Amino acid sequence: MLHGGAMSNAVSKSLKRLNHIISETDALYHEASFRLGISYSACMILYSICLSGRSCPLGRIVKSSGLNKQTVNSALRKLEKAGIVYLEAADGRSKIVCLTDDGVLLASRTAEKIIEIENEILSSWPEDDILRYFELSERFLEDLGRKMAELRNQ
C-alpha cells in the first residue's frame, strides 16, 4: 500500500498521464466522427461492424464500441430508420446487425477511414513496439478487470 512520498507522487503523475492519454484519444475519435459527418455512437457502431465484415452480433457491438446498451439501441434505431442497417434474428434472443448497401457506402466514408488511419499508424511502428504496446495494454486491462471484480465482491 502506498502512503505519501515520492512513489505516491510518481504513481499519481502516471495515473494523470494515463487518464490524459485515454481522454485525448477518445476526444480524437469524437472529433473524427464529427468531421466525417456522423455521430460518435453511429460511427462506433459502423466501426464495430466493419471489423467483422458486413454484419456483427449486437452483443459484440455493445462490448467493442464502449457504448452502453441504451446508446447502442438508440443509435441503431436511427441507423435502421435511415436505411443504413437492418437487424436479423440469430439464435435465441440475440440479433445480428447488418449493413445495407447504403450502410456499406456510409461505412466506407466514415468508419473505414478511421480504420485506415489506425492501420497506417500501426504499420509505421516497429513490430516490437506494437507487441510491447499491446502486452502492456492487455496487462493493464486484465489487472484493472481483476481489481474491479474485487469491488463487486466487497
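Guide: Arg35 is exposed, with a relative accessible area of 65%; here buried means under 20% relative accessible area, exposed over 50%, and partly exposed in between, for a 1.4 Å probe and protein chains only. Arg35 forms a salt bridge with Glu31, and their closest N and O atoms are 2.6 Å apart. A salt bridge is a side-chain nitrogen of Lys or Arg within 4 Å of a carboxyl oxygen of Asp or Glu. Glu31 has a relative accessible area of 35% and is partly exposed. The two residues are four apart in helix α1 (residues 5-35), which means that about one helical turn separates Arg35 and Glu31. Helices (H or I, at least four residues) and strands (E, at least two) are DSSP runs, numbered from the N terminus.

This is a predicted model, in which local features need pLDDT of at least 70 and side-chain atom pairs count only at pLDDT 80 or more, while totals for chains, interfaces and linings use all residues. Residues are numbered from 1 along each chain as its sequence is written, and side-chain values use heavy atoms, with hydrogens and water left out.

By the salt-bridge rule the count comes to five. Side chains of opposite charge can pair when their charged atoms come close. Another of these pairs is Asp101 with Arg54, where the closest N and O atoms are 3.2 Å apart. Asp101 lies in helix α5 (residues 101-109) and Arg54 in the loop between α2 (40-52) and β1 (55-57), so the pair ties together parts that are 47 residues apart in sequence. Asp101 is exposed at 58% relative accessible area, and Arg54 is partly exposed at 45%.

A further salt bridge joins Arg146 and Asp143, with 2.4 Å between the closest N and O atoms. Both residues are in helix α7 (residues 127-152), three residues apart, and about one helical turn separates them. Arg146 is partly exposed, with a relative accessible area of 49%, and Asp143 is partly exposed at 33%.

Besides the charged pairs, Ile117, Ile121, Trp125, Tyr133 and Phe134 form a nonpolar patch on the surface, with about 470 Å² of accessible area together. The elements giving two or more residues to this patch are α6 (111-124) and α7. Patches are made of residues with over 30% relative accessible area and no salt bridge, like charges being joined within 9 Å and nonpolar side chains (Val, Leu, Ile, Met, Phe, Trp, Tyr) within 5 Å. Accessible areas come from the Shrake-Rupley method with a 1.4 Å probe, and for residues only the protein chains shown count as cover. Phe134 is found in helix α7 and, at 35% relative accessibility, is partly exposed.
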